[in-house]
Amino acid sequence: LTEPDGELPIIEFVTPMPGFPEHRRFVLARIEGTELLYALRAVDDPAVRFLVAPPAPFFPAYAPEIDDHSLEMLQVSDPSALLVLLVLSVQDHPEKTTANLLAPIVVDQNSRRAAQVVLAGNELSIRTPLATA
Amino acid sequence: MLVLTRRQGESVMVGDEVVITVLEVRGEVIRLGIQAPRSVQVHREEVYKELQRANREAALATDVTSEDVARAVANLLGNSPTAAGIGGGLAAGRGDTRKAEDSSESE
């Protein structure tokens, strides 16, 4: 799945992220100098970008259950190919960074289809501090 | 706003494919069943609006994807992460063999 230099695989949101109805196509790029953090950028508008991270290093106990409707929406054939990414929100100070545990981005690594999925149950916070993880 | 009266067990249709059924009425609480095509996401309104707000905040903050900010965020981890990058060839990144030396080494 390695892409030629300069061309990143395009991730297509089957339904746009709330707040960004115009943007469906994104690329994911590792951020230099970190092992854990990635930039998710809109293909057609580089100003639209999110800092995302796999949950495991920050929230080892996090085990999101993706509902059937979302799996259907993504047309997932192999659930083990699902990649979960948390949207991080960096405020004025990095130590106040929060992660959205309620609504992770789920990517089917086979098809590169993605969606931001709201998990059932309401014990998860949209703004969980990273520092206390 | 269109206003309709429905009894328990009755439904309304939105367009050709979305069916909303009143499943149960119990005091002030009403349970709805929603059938929608798989391309349609259904959210509680307050959750959707909160998510919209959170996403915009996350995207519009200072250059969240700059290396400096990212490194500071990565350093919030209390221990040296051993996790490898994500797989599947989804993400490009030079320095794939780099270790997590940039993360904090304190406990």
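Look at the lining of the largest cavity in this predicted model. From chain A it takes A:V87, A:L88, A:S89, A:T98, A:A99, A:N100, A:I126 and A:R127. From chain B it takes B:A54, B:N55, B:E57 and B:A58. On a 1 Å grid over the protein atoms alone, a cavity is a set of points where a 1.4 Å probe fits but cannot get out, and lining residues have an atom within 4 Å of a point.

Which elements give two or more residues to this lining? They are β5 (82-89) and β6 (98-99) of chain A, with α1 (45-60) of chain B. The largest share, four residues, is from α1(B). Helices (H or I, at least four residues) and strands (E, at least two) are DSSP runs, numbered from the N terminus.

The volume is about 70 Å³. That is the space filled by probe spheres set on the points, which are joined across faces, edges and corners. The whole structure has one cavity of 30 Å³ or more.

Now chain B. There are two helices and four strands. Along the sequence they run β-β-β-α-α-β.

Last, the ground rules. Residues are numbered from 1 along each chain as its sequence is written, and chains are lettered from A and ligands numbered from 1 in the order written. Local features need pLDDT of at least 70, side-chain atom pairs count only at pLDDT 80 or more, and totals for chains, interfaces and linings use all residues, while side-chain values use heavy atoms, without hydrogens and water.

Definitions and conventions: 1 Å grid on protein atoms, 1.4 Å probe; cavity = no way out; pocket = protein on both sides within 12 Å on 5 of 7 lines; lining within 4 Å.
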